[in-house]
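This report describes the fold of a single chain and then turns to selected sites within it.

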Amino acid sequence: MAAEQSETRTAVGSGPARATAAVTALLTCAMAFSMMQLFLLGALGPRLVDDLDVSPTVLGLTTTVGFGAAAVLSPAGGRVVDRLGPRRCLVALLLVSAVALALIGAAPGAGFLLAAVALGGLPQALANPATNKTILAAVPAERRGSVTGMKQSGVQLGAFAAGLPLAALAGAVGWRGAVWTAAGTAVVAAVWAARALPADPPPKYAPVSWIPRGTIAWLAAYSLLLGCGIASVNTYLALYGVRRLDLGPTTAAALVAVLGVAGIAGRLGWSKVAGQPGRAVWLPGALAAGAVGAALLLAASAYAHPLAWVAAVAVGVFAVAANAVSMVLVMQRAAAGRAGQDSALVSAGFFAGFALGPPLFGLLAAAGHYGAGWLLVAGEFLGAGVVALVWAVRERRPVVRR
């Protein structure tokens with residue numbers, strides 16, 4: 001780990017001097033833009049379906065295409081970050097996000113739209129490796145957990161931006177104008193990143209590894225199952241609220257907003273706890289157990305509707321927060337010189353879960369079996385908990401600082 005820190009501090013600067021609010025805000029912004037396209041497609045979906053004359057099925061495919069591309073590209077993206085450095089990759093992430101958003105705004109039909117979404121998988125693949133490597137370089141060890149939680153909350157902040165200000169803007173200038181506004185903002189953020197972070201050292205050789213091993217393999221499997229469950233909840237919670245809980249569309253959307261706010265709070269709080277290595281090893285299993293309870297509450301909400309609100313909070317506090325904790329663990333356990341690749345391999349598992357989970361749930365939802373769907377989600381979270389528990393038992397030893 002010392003080699004990793006020494007290697008990247010040359011690129012980004014000394015830890016305490018660079019652990020500033022501005023750098024943390026930049027990383028949070030990068031995480032938000034890495035998935036902005038998918039949030040916008042969800043928030044602007046009704047307008048987009050009518051304007052492009054595409055089916056809801058095609059709109060649903062955007063999630064699978066986006067996360068599928070991210071899962072495939074993640075291993076290569078991690079190696080690129082280790083080879084080129086975090087500053088170059090953060091600037092590239094924001095510029096590619098801008099291009100993908102601009103192309104989505106210009107899409108004449110379904111094929112072009114899906115191709116633009118696939119391009120947007122590249123920023124997702126670069127996001128965790130580049131931001132994690134920056135944290136290792138710029139933030140003292142005792143503050144990495146809290147900074148990681150803050151930057152991971154950028155994903156939820158991106159969802160908020162898509163669902164409120166940009167959606168409101170679409171009402172005034174059209175959905176294309178709103179997407180192009182997001183693209184222009186991403187360009188501004190890229191300029192900010194280029195100015196805020198010092199130049200990286202010359203590119204160097206980074207050994208490639210496409211298969212996760214040891215702790216990284218366990219975290220990748222955990223993230224796969226976690227991603228399946230989270231994606232299903234994100235995709236179908238509002239629809240469940242309308243069709244089974246008799247909520248209005250606005251109230252049902254508020255369920256998702258509540259989940260997002262709880263996810264921000266959970267990521268900030270649990271990531272800070274995970275910054276203490278002695279506690280971090282047990283956190284993934286504990287959070288997965290809480291997520292199982294949240295999914296069971298969703299199943300029970302068909303009979304007691306107010307439980308849906310409690311469940312939404314619990315999914316955010318436990319399931320959504322667990323992904324941030326896994327990123328803290330990656331930084332604690334990454335091999336020297338491989339923080340980018342190790343982060344990418346764990347992220348690939350998470351993205352694969354996001355691509356696989358909603359189609360499986362969708363088969364049950366299409367038949368009206370939402371209760372069975374929530375039990376499936378509970379089973380996915382339970383599987384993640386079992387993986388985490390077995391790993392924690394195997395890891396019952398102090399973290400060795402390298």
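The radius of gyration is taken over C-alpha atoms, and the globule rule is 2.2 Å times the number of residues to the power 0.38. For the 402 residues of this chain, a compact globule would have a radius near 21 Å, and the chain agrees with its 20 Å. The model is predicted: local features need pLDDT of at least 70, side-chain atom pairs count only at pLDDT 80 or more, and totals for chains, interfaces and linings use all residues. Residues are numbered from 1 along each chain as its sequence is written, and side-chain values use heavy atoms, with hydrogens and water left out.

**Overall fold**

The chain holds 19 helices and zero strands; helices (H or I, at least four residues) and strands (E, at least two) are DSSP runs, numbered from the N terminus. Along the principal axes, the C-alpha atoms fill a box of roughly 55 × 45 × 35 Å. Of the 402 residues, 55% count as buried, a term that means under 20% relative accessible area, with exposed over 50% and partly exposed in between (1.4 Å probe, protein chains only). Contact means heavy atoms within 4.5 Å. Among contacts between residues at least 6 apart in sequence, 85% join residues at least 24 apart.

Helix α10 (residues 144-152) is mostly covered, with seven of its nine residues buried. Among them are the charged-type residues Arg144 and Lys151, as well as Gly145 and Val147. Threonine 62 has its place in helix α6 (residues 56-84) and counts as buried at 2% relative accessibility. Beyond its neighbours within four places in sequence, threonine 62 is in contact with Leu38, Leu41, Leu113, Leu114 and Val117.

**Aromatic cluster**

The structure holds eight aromatic pairs. Rings of Phe, Tyr and Trp (its six-membered ring) pair if their centres lie within 6.5 Å; planes under 30 degrees apart count as stacked, over 60 as edge-to-face and the rest as tilted. Two of the pairs are tabulated below.

| Pair | Centre distance | Plane angle | Class |
|---|---|---|---|
| Tyrosine 236 and phenylalanine 361 | 4.9 Å | 20° | stacked |
| Phenylalanine 361 and tyrosine 370 | 6.3 Å | 55° | tilted |

Tyrosine 236 is buried at 16% relative accessibility, phenylalanine 361 at 0% and tyrosine 370 at 3%. One aromatic cluster is formed by Tyr236, Tyr240, Phe361, Tyr370 and Trp374.
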